[in-house]
Amino acid sequence: MTKELGFALLNEEGRARTGRLTLAHGEVDTPIFMPVGTQGTVKTLTPHELEEVGAQIILGNTYHLYLRPGHELVRRMGGLHAFSSWDKPILTDSGGFQVFSHSGLNKITEEGVLFRSHIDGSHHFLTPELSMEIQNALGSDIIMAFDECVPYPAEHGYVMHSVERTTRWARRCKEAHKETDRQLLFGIVQGGVYSDLRAESARQIREIGFPGYAVGGLSVGEPKEIMYDILESTVPLLPGEKARYLMGVGTPVDLVEGVFRGIDMFDCVMPTRNGRNGMIFTWDGPLNIKNATFAEDKRPPEPDCSCYVCRNFSRAYLRHLYKAGELLSLRLNSYHNLYFYLTLMEKIREAIREKRFEAFRRDFLARYQGR
């Protein structure tokens, strides 16, 4: 008998909670961090290595996979899971963030967004319907509604019109979604940094009805305090029995603070991108492995870590690899950082189950931030 797809709430401590997402390609324990595999690959790591670091679900990007190699090719190759040899769940974003982030290359209309490819300058028109078609072809387990992501700062009136357009597009996405028996379509709440518009967007998107809800348009330059305030006021407006996803966030501190405010799912390029640039995350805060102070440091990157990198290599060796421009540097730093992020989420889940998340949060922040 096929399991019913969706989210089940398991434990709560304050607003923090654990749950389980049942998806077409497996179950995901939440809260969870999703490594970002923009073009069908998490940069520098194999699917086997992703399993080793504890990845349960990864993210793919609709915009990039549409432009290259094309969603119809991926469909002919058996979908993104078969194409990339990753048999666990995948979430794809709608392509909206990438389209809007190239503001000099796009034009927004009610029908969709006319944009120019960053690859070859060719013109394309991305609509809610096309976003659904692409994501249906990719075969991801969770797909995202096409929304308008506003910049920061933006005036209240502009954001209000953007919220209304995002709602209209969300309705069109729901109507166009063809793979409802195997793909969960999540709606996205927008509203910039305005709590009244966030509340209105949450009401409108909730009224349409989705199996999961995302908070989008944050971590785009606004101060952290504003982001946390928006989460404080917005998350309680989302259905408690549905998964809640904070898009594109963030630092280890953001993950802990997001869970504290009721978020179940996160994604961010930070652990892999920063790793490729020589930053290694540890329980005592990030290390810049480029620093000369590590030139003869025999210690592992993180003494409290049991990952492959920390069991086998010193800070001195990782610094040498980076300074020498060796590709292994990118791989080892990324491997450790994702292991750190996913271990953090595992410890968060354990703390919530044991009703000690408040203490975990306090101790983690004090140690990580050096207080």
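Student: Which residues does Thr166 touch, not counting residues up to four places away in sequence?

Tutor: Contact means heavy atoms within 4.5 Å, and on that basis Thr166 touches Asp147, Glu148, Ile188 and Gln190. This is a predicted model, in which local features need pLDDT of at least 70 and side-chain atom pairs count only at pLDDT 80 or more, while totals for chains, interfaces and linings use all residues. Residues are numbered from 1 along each chain as its sequence is written, and side-chain values use heavy atoms, with hydrogens and water left out.

Student: Is Thr166 buried or exposed?

Tutor: Buried means under 20% relative accessible area, exposed over 50%, and partly exposed in between, with a 1.4 Å probe and protein chains only. Thr166 counts as buried because its relative accessibility is 1%, and this residue is found in helix H7, residues 156-176, where helices (H or I, at least four residues) and strands (E, at least two) are DSSP runs numbered from the N terminus.

Student: How far from a polar atom of the Thr166 side chain does the backbone nitrogen of Glu148 lie?

Tutor: The distance between these two atoms is 3.1 Å.

Student: Which residues have the most contacts inside the largest nonpolar core?

Tutor: A nonpolar core is a set of buried Ala, Val, Leu, Ile, Met, Phe, Trp, Tyr and Cys residues joined through side-chain atoms within 4.5 Å. The largest one here has 107 residues, and those with the most contacts inside it are Ile142 and Met265. Helix H14, residues 327-353, gives the most to this core, with 12 residues. A second, separate core of 5 residues includes Val150, Ala154, Val163 and Leu197.

Student: How many of the residues of H14 are buried, and what span should the helix have?

Tutor: H14 is mostly covered, with 19 of its 27 residues buried. The expected span of a helix is 1.5 Å times one less than its number of residues, so the 27 residues of H14 should span 39 Å, which agrees with the 40 Å between its end C-alpha atoms.

Student: Which residues lie closest to the centre of the largest pocket?

Tutor: On a 1 Å grid over the protein atoms alone, a pocket is an open set of points where a 1.4 Å probe fits, with protein on both sides within 12 Å along at least five of seven lines, and lining residues have an atom within 4 Å of a point. Of the 38 residues that line the largest pocket, the closest to its centre are Phe97, Gln98, Gly248, Asp267 and Val269. The largest share of this lining, 5 residues, comes from H11.

Key. Polar contact = N/O pair within 3.5 Å; in protein donor to acceptor, adjacent residues only side chain to side chain.
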